[in-house]
Amino acid sequence: MTETIGNVKLVTDLWPGTDLYSDGEIEDELLRIAKTVPPEKFDDVVAESGSWPVMYHFSSIRGNIISWYPFRGDEKVLEIGSGCGAVTGEIASRCAEVTCVELSKKRSLVNANRNREKENITIHLGNFEDVEKTLPTDYDIVTLIGVFEYGSGYLSTKTPYRDFLRTALAHLAPGGKVLIAIENRFGLKYFAGCTEDHTGGFFDGIEGYGGQNRVHTFTRPELEKIFGEAGADTWEFYYPYPDYKFPMAVYSDRWLPKAGELKDNLANFDRMRVQLFHEDKVYDSMAESGLFPIFSNSFFIEVGRSG
């Protein structure tokens, strides 16, 4: 069954009939905003609301994680875990076709309503393991933006992260790329006194998550090991700053930050933090010693297979 909201198509054949996860009443507010506020006014709503969820889902800065990427304009894109559409519209504005996969209908309704004027978005509702079997294998781009760390929830296998990436790679056309945005488990902010983004605990990630397997971020060497095991043989790291959620700059191994550039380190919007040291001074030292790629707060990685 296919529903339409504006120009956006929602394919509900594999949706279980009820949302299996929810952030509660705030999702009703997000849907109200998506239905009643034009996209060009979203930042005004963010400024007026003072609400972290509203900021997280509607700030135009969210799109910066993808707006810099050199799309040709004719790409066919698969967005896994599209949520409320924080980056869906940006992708749709730059590519020919966007296919989203999302388990939550409420969040998909937010996505569809905010992007209802766009004619190139289709959202498939349902568990990824079920939906992906119905999708083609000729996508130019597959995105895992803020999603890869939840791999154990997407695939019920003994090696979910490796298998999650392997499945994503299998949906690529020759020469296609998987784009991953994820926090760095060893991001400097976690040593400096920020809580882990997903668990809310101090030092949870850098101490190894205490055995819980609901969510897991990775260091650069850990990610490279997973990429190789998944069958990828090409990858390139980029470094969104201050992180991938609200990036104001994106660095690369060819253009690393210089001392004095990394000063925006105290923006912790969703919860309190402590300040154990001055991150800007440590970043200056890391820039001079070449260690920034190891301790960047987030990664953006382009992953592919040669041939």
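The count comes to 24 salt bridges in this predicted model, where a salt bridge is a side-chain nitrogen of Lys or Arg within 4 Å of a carboxyl oxygen of Asp or Glu. Because the model is predicted, local features need pLDDT of at least 70 and side-chain atom pairs count only at pLDDT 80 or more, while totals for chains, interfaces and linings use all residues. Residues are numbered from 1 along each chain as its sequence is written, and side-chain values use heavy atoms, leaving out hydrogens and water.

| Salt bridge | N to O distance |
|---|---|
| Asp28 and Lys106 | 2.7 Å |
| Asp270 and Arg271 | 3.5 Å |
| Glu279 and Arg273 | 3.0 Å |

How covered are these side chains? Glu279 is buried at 3% relative accessibility, and Arg273 is buried at 15%; buried means under 20% relative accessible area, exposed over 50%, and partly exposed in between, using a 1.4 Å probe and protein chains only. Salt bridges with shared partners also join Glu183, Lys189, Asp197, Asp243 and Lys245 into one network. Asp270 is partly exposed at 33%, and Arg271 is partly exposed at 27%.

Let us return to the pair of Asp28 and Lys106. Helices (H or I, at least four residues) and strands (E, at least two) are DSSP runs, numbered from the N terminus. Asp28 has a relative accessible area of 44% and is partly exposed, and Lys106 is partly exposed too, at 22%.

Nine of its 10 residues are buried, so helix 6 is largely enclosed by the rest of the structure. At its start, a side-chain oxygen of Ser104 comes within 3.4 Å of the backbone nitrogen of Lys106. This is a polar contact, meaning a pair of N or O atoms within 3.5 Å; within protein, one must be able to donate a hydrogen and the other to accept it, and residues adjacent in sequence count only if both atoms are side-chain atoms.

Arg114 also belongs to helix 6, which spans residues 105–114. Polar atoms of the Arg114 side chain do lie 2.8 Å from the backbone oxygen of His57 and 2.9 Å from that of Cys84. Residues that Arg114 touches (heavy atoms within 4.5 Å) include Ala34, Pro39, Phe42 and Phe58.

Now for the strands around this helix. Strand 4 (residues 97–102) pairs with strand 5 in the parallel sense over five bridges; strands pair if DSSP finds at least two bridges between them. The chain crosses from strand 4 through helix 6 to strand 5 in a right-handed β-α-β crossover, right-handed meaning that, with the strands pointing away from the viewer, the path from the first strand over the helix to the second runs clockwise. Six of the six residues of strand 5 (residues 121–126) are buried, so this strand is largely enclosed by the rest of the structure. Strand 2 (residues 8–14) also pairs with strand 5 in the parallel sense, over four bridges.

Note on methods
Lists of a residue's contacts leave out its neighbours within four places in sequence.
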